[in-house]
Amino acid sequence: MADAAGPVLVLGAAATGKTTLLVDAVAARIRAGALPPLVFALTRQAASELRDRIVRAAGRTTLAPQVMTVHAFCLTLLARFADAEDAAPGLLTAPEQEFRIRELLLGSPAPWPAELEAALGTRAFATQARAALARARHLGLDPHELTDAAAAAREPGWGALGAFMAEYLDVLDAEQALDYAELVHRARLLLERPPVLAALRAEIAAVYVDEWCELDPAQIGLVRALAGDALPVVALADPDTAIYRFRGAHPRAAAEFGPLFGDGSVAPRVVALGVAHRRPPEQVAACTAVARRLGVPALEAGAVQAYRAATGGGSGRLDVCTFPDSATEARHIAGELRAAHLDHQVPWGDMAVLVRSGRTQLPPLARVLTDAGIPVEVAGDEIGLGAELAVRPLLVGLEVAAAGGVPDADQATRLLTCSWGGLDAVALRSLGRRLRAADPRAVGTPTDELVAQALAGRRPLPDGADAVAARRDLLARAAALVAAGSRPEAVLWELWSGTDWPERLRADAVRGGDASPRAHHDLDAVCALFDLARESLGPGGEAGVAWFVAEVANQQIPADSQREAAVAGRGVRLLTAHRAKGRHWRFVVVAGVQEGVWPDVRRRGSVFDPQRLGAGATGATLGAGITTRDLVATERRLFLLACSRAEGRLLVTAVEGTDGEDDRPSRFLTELGVPVRHLLTAPPRLHTLRALVAELRRVAQDATVSEGLRDAAAARLARLADAVDDDGHPLAPDADPARWWGVREPTGTRAPAGEGPIRLSPSQVESLLTCPRKYFLAREARAEPPREIRTILGSVIHAVAERAASGELGPGDVDAALDGVWADIPFPAAWLSASERAEADAAVRRFLAWQEGHDHADLVGVEVPFAAEVTVDGRQVRLVGAVDRLERREDGSLKVVDFKTGRTKPSQAAAEATPQIGVYQLAVEAGGFGEPAPSAGASLVYLRVEDGENWPKEFRQPSLRERPHLTDDPAELAYPTWVHHQVARACDVLEAGRFDAQPGEHCTYCPVRSSCPARSGQVVS
Ligand code: SF4
């Protein structure tokens, strides 16, 4: 390759030595001392690494290698050859370009079709317009060609985009600015000038192009224009892992290499590299099995066969595993990484975990690995900043500052019960009690509301609440900054620097130990937030802060890829498969390979799909766009790329759970052709100090092991408890029995009694009776994770049914109402969205049929609130809540209907004993809806369960007068009704303050099951 005289296309799979060949060939040319070759690399970082390797390989020479990206080459060209009167252009980064397009669209005089006008100011529209304009430039199209194509296809939206493109280019011209696509376009125009071409060709011996298949048509055209038939071109390609089609990469780049360079004096050659030197044969064979499902590049058959038949020349392992849930999957990965580091001395920086989606898959994985004490590195622009635990309080603080320093109840709780606020749930409740005690009118007001009023300065704080007072003053100062028009960065700094949190984080980070990785991670996240705030293009003041918060929460600020360079290589890399191009590690985990996630076949441009735009012999065309089959093939290439990054061990993982469609392993897993192991548990966690302490504690208290073993464990615990670091801080504080909750004296046998009646909602009663532990952790301690898709869906169906029942929506409006919210539901995959939509349609249809055919007498209302006081065991209990539907019978009795949106129905007996609707009945009888009225019973209507054609399953609960008791249990008979008994039991749990785990079928969907002692068999006393 060093003395290639004509065009050569080198095909090679991962680790077959393409880069080494490129380095050696270029170094040889440089050593020969003639003209240096020009080398094009895919990214700035790849260019820098290649340059270093070539310099090392070339040895002492006066010729410097010219290694650069196509864009850097174009910039050099423009700087050197542009007309003297043209000022040096400014290059717009992707975020700047999008911001500019958004601004221009708002004032665009282009004749946009009426149906698009409402979308013009949205970010999504600007994103799609930017992608379509870039595609047009990649294809070398001018605005009028786009307009012509739109006219031929009768697509007025694309026609308006053509007109907008002309305006956009004029504005950039006037501002002396360029975007990346326009930069390549201008450079190509320069290469059409013979003197420019002659000058360049006189300085270059040959052109080498790495990653040929990732170039877009404009870049390919530029290489062709530069080299022509005068310079040899050596292109290196791996068509099976070409993944940048979404960025405009030419899908037929390899196939067109021959025709493009084939009319010179020397015919193009295609060479295949046949040995993947550092990859084990088993992995190469598995990847080849996946590659065979891809189309065959239209190249010489022998070369393609040799390329696809590469053999492995390294050693290592391949494991494909599935797990019952993502928590077990993440813990298993953590265990494997740590074992590789400790048992096989693999440096942390030589391991990587690759996923398909940075936004949804990286944050939870990063949390688990960090908590397991594994140093991880994530590029600043890869993880959804809004999902970072350390960033959330600062975003809430910004929101509150933008709202004048007045938090709502939820914001106040979130702010105070995090590292920024420094309180825990117990301290917060205690604060609420003291606020209530100081104001007789506040009796009955929930704690979070009282605390919110205090934080807003609308209620005096009790003595001793200095930390809360400091937070209150801080919020007021931040609000004043916003009011004075400050930028988000300044407000953020005020919020961040005004507490001792930064110092606590710094101390944890430098101290080392188990808390150190988490502290480092949090500090990185906060730094990334500050970087984004500094680079934010929005205005200052309230609008700017609100804009910034929304952008970070939606992770829509496309960040600068510079952050990638900031990754130091000292921790396990966590990254998306797209980012793994061109890199290798000794141990690679490809995680979260779920159906619906990988392949991701969602289409990116609903209005302007860039893939619809093509350039034929007769000019621009608007086609049907990329097919689903093509999308799956692109995703398969990406999977192949991920699986080919290991130069040693490869572990591919997925979840195979019980939740139905959304936790099935991807089809790609089986395409690897190796046995899939289903592992039920993660490896034992003995690789961290904290895990060791936990195991020693378990053994020290285990009555089933020998006394000698228990003594040995206790002796080691004692040694660990005494160990301190250089600053005198304990290294393993949890080894000290003084910190073990289980050996402490209980704080009291009864929970402190609150003032006034006990306040209970029907769902609270049900939750307390089902499992007190789950109730406490999910509702009181707020450990509930974000709402799952099924909960959001339930709310949507409820809301639509409510509006239909109130007459706000007619049968003909229901579809439009669902359409209106559907796009905002974050489905992991398009197919899931489609199937759930069909279910939601059916549920609403069943509701309409039920409403139409139901014998209800008189509808009192929907979503009717109630509040009623009852006495049980001498205690005053205030029942509060709202019923889905309330009907009045002819005899004046009231009936409650509760709609359910779950897929599983209870038995008739279970429905009749449902506490929730029983409490509704009690509220009716106790005058919760006005005057006390007899209850006519209650109904549960399951909208997603069919009971006869287009009819929901309905269960009736007899009225409390018809059936006051459900059993002969004397404990129940001691109360007026079975519902009084249930309410009394719920109050007992609250008053006792004991929230024991109560396992049962309900554990399947429990959000706190991963820590449940009833599931793990641990005993917590
Ligand atoms: S897993 Fe079961 S027993 Fe444990 S907290 Fe959840 S519901 Fe209760």
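Tutor: Happy to. Residues 1017-1021 have a pLDDT under 50, where pLDDT is the predictor's confidence in each residue, on a scale from 0 to 100. For that stretch the model has three contacts beyond four places in sequence, a contact being heavy atoms within 4.5 Å. The model is a predicted one, in which local features need pLDDT of at least 70, side-chain atom pairs count only at pLDDT 80 or more, and totals for chains, interfaces and linings use all residues. Numbering starts from 1 along each chain as its sequence is written, and side-chain values use heavy atoms, with hydrogens and water left out.

Across the chain the average pLDDT is 85, and 91% of the residues reach at least 70. Residues 556-567 fall below 50, yet this stretch has 30 contacts in the model beyond near neighbours in sequence.

Now to the strands. Helices (H or I, at least four residues) and strands (E, at least two) are DSSP runs, numbered from the N terminus; two strands pair if DSSP finds at least two bridges between them.

An open sheet is built from seven strands in the order 13-14-12-15-18-11-19, with parallel pairing. Its edges are strand 13 (376-377) and strand 19 (676-678); each has a single partner strand, so one side of each is left without a neighbour in the sheet. Within this order, strand 15 (residues 585-590) runs parallel to strand 18 (residues 646-655), and five bridges join them. Here Trp-585 stands opposite Ala-646 of strand 18.

The peptide bond from Trp-598 to Pro-599 is cis, its omega being near 10 degrees.

For an antiparallel pair, turn to strand 24 (residues 935-946) and strand 25 (residues 952-957), joined over six bridges. Leu-940 faces Phe-955 of strand 25 across this pair. The two strands make a hairpin with five residues between them, where Gly-948 has a positive phi near 85 degrees. As you inspect side chains in the viewer, remember that in a regular strand they alternate between the two faces of the sheet.

Glu-211 lies in the loop between strand 6 (207-209) and helix 11 (217-227). Its phi is near 55 degrees, a positive value in a residue other than glycine.
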